Amino acid sequence: MAEGERQAPPDSSEETPPATQNFIIPKKEIHTVPDMGKWKRSQAIEKLVALLNTLDRWIDETPPMDQPSRFGNKAFRTWYARLDQEAENLVATVVPTHLAAAVPEVAVYLKESVGNSTRIDYGTGHEAAFAAFLCCLCKIGVLRVDDQIAIVFKVFNRYLEVMRKLQKTYRMEPAGSQGVWGLDDFQFLPFIWGSSQLIDHPYLEPRHFVDEKAVNENHKDYMFLECILFITEMKTGPFAEHSNQLWNISAVPTWSKVNQGLIRMYKAECLEKFPVIQHFKFGSLLPIHPVSLC
């Protein structure tokens, strides 16, 4: 610095660490090559997957009951009661202690995301609650922008696996299903994210998702095709008859157009529908402020 030149005073507008910040002396954590996994993975993502693994294990520990009715196995209520009791403890494993005050609010969306224990049904409103759960974790800083791909293709994909297991184990009814005229009995968001994953794919086109061979060969790598496989496992008869909307979508020329159309459809059929939104819960993290859906 030149003689007589003064150093500028610190900018008082700069952000300062929160008062509750706990500081520690840095130490080495990467001692062996396998330790690189700690560096490459987001801890929050891994903790969320562990949370979902717990829900999966509880299904194994709560077998379906013998009952006259084929659908709506009442053992789901036992499974759900366990989640209702443990939800805040589960969320606390993901949320840092200095954000513990957010746990009760965030836990509500987790409980809302697995279906209704009275009707023993599941639908797009419950799926939206899990998206809200993830959104809350983003808003409080547990999940970061860098996590966005893993949020969808690791966490949300694991959530789908657990929900499908719930649906099959307890024979859950579709909530508010439109039958053959709906996109799917249970899900919607994975079709949006799955179609975005396939944009500009070198050889898989929308017409291929009604091709059994193409689905069987590629479903493990693509969320959209995994959804199609699950539908064909759960339903019988010609695809064009039990999933007419999807059959029509297979005629769309590009995945980009499929994706754009599904986003518009989701707004119209889910976000703007009273039967869906009437059950959605609002709080400080997701307040009921007027929003534009266009």
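**Entry 1. Terms and model**

I take a helix to be a DSSP run of H or I with at least four residues, and I number the helices from the N terminus. I note that the model is predicted.

**Entry 2. The chain as a whole**

I looked up the secondary structure of the chain and found 13 helices and two strands. I then checked burial: of the 294 residues in the chain, 41% are buried. For the contacts between residues at least 6 apart in sequence, I recorded that 70% join residues at least 24 apart.

**Entry 3. Helix α4**

Which residues of helix α4 are buried? In this helix, residues 103-112, I listed V103, V106, A107, Y109, L110 and K111 as buried. I next asked which elements the buried residues of α4 pack against. The partners are α2 (43-60), α3 (75-92) and α5 (124-139).

**Entry 4. The largest pocket**

I turned to the pockets and began with the largest, which holds about 920 Å³ of space. Its lining has 29 residues, and those closest to the centre are A131, A132, C135, L271 and F280. I noted the elements that give two or more residues to this lining: α5, α6 (148-169), α7 (189-197), α12 (255-271) and α13 (274-277). The largest share is that of α5, with seven residues. By class, I recorded 25 nonpolar residues, three polar and one charged in the lining of the largest pocket.

**Entry 5. The second largest pocket**

I then examined the second largest pocket, whose volume is about 710 Å³. I found 36 residues in its lining, and T124, G125, A175, P275 and V276 are the closest to its centre. Which element supplies the largest share of this lining? The answer is α5, with five residues. At least two residues each come from α4, α5, α12 and α13.

I set the two linings side by side. The α5 helix gives the largest share to the largest pocket, and α5 also gives the largest share to the second largest pocket.

**Entry 6. T62, in the loop between α2 and α3**

I located T62 in the loop between α2 and α3. Is T62 buried or exposed? Its relative accessible area is 9%, so T62 counts as buried, the cut-off being under 20%. I listed the residues that T62 touches, leaving out those up to four places away in sequence: A75, T78, W79 and Y170. A polar atom of the T62 side chain lies 2.8 Å from the backbone oxygen of W58.

**Entry 7. S69, in the loop between α2 and α3**

I placed S69 in the loop between α2 and α3. Because its relative accessible area is 44%, S69 is partly exposed; that class lies between the cut-offs of 20% and 50%. Which backbone oxygen does the side chain of S69 reach? I found the backbone oxygen of F71, at 2.9 Å. I also looked up S69 and R171, which stand 102 residues apart along the chain. Their C-alpha atoms are separated by 9.9 Å.

Note on methods: Residues numbered from 1 in each chain as written. Predicted model: local features only at pLDDT ≥ 70, side-chain atom pairs only at ≥ 80, totals over all residues. Heavy atoms only, no water. Buried < 20%, exposed > 50% of the residue type's maximum accessible area, 1.4 Å probe, protein only. Contact = heavy atoms within 4.5 Å. 1 Å grid on protein atoms, 1.4 Å probe; cavity = no way out; pocket = protein on both sides within 12 Å on 5 of 7 lines; lining within 4 Å. Points joined across faces, edges and corners; volume = space filled by probe spheres on them. Nonpolar A, V, L, I, M, F, W, Y, C, P; charged D, E, K, R; others polar. Polar contact = N/O pair within 3.5 Å; in protein donor to acceptor, adjacent residues only side chain to side chain.
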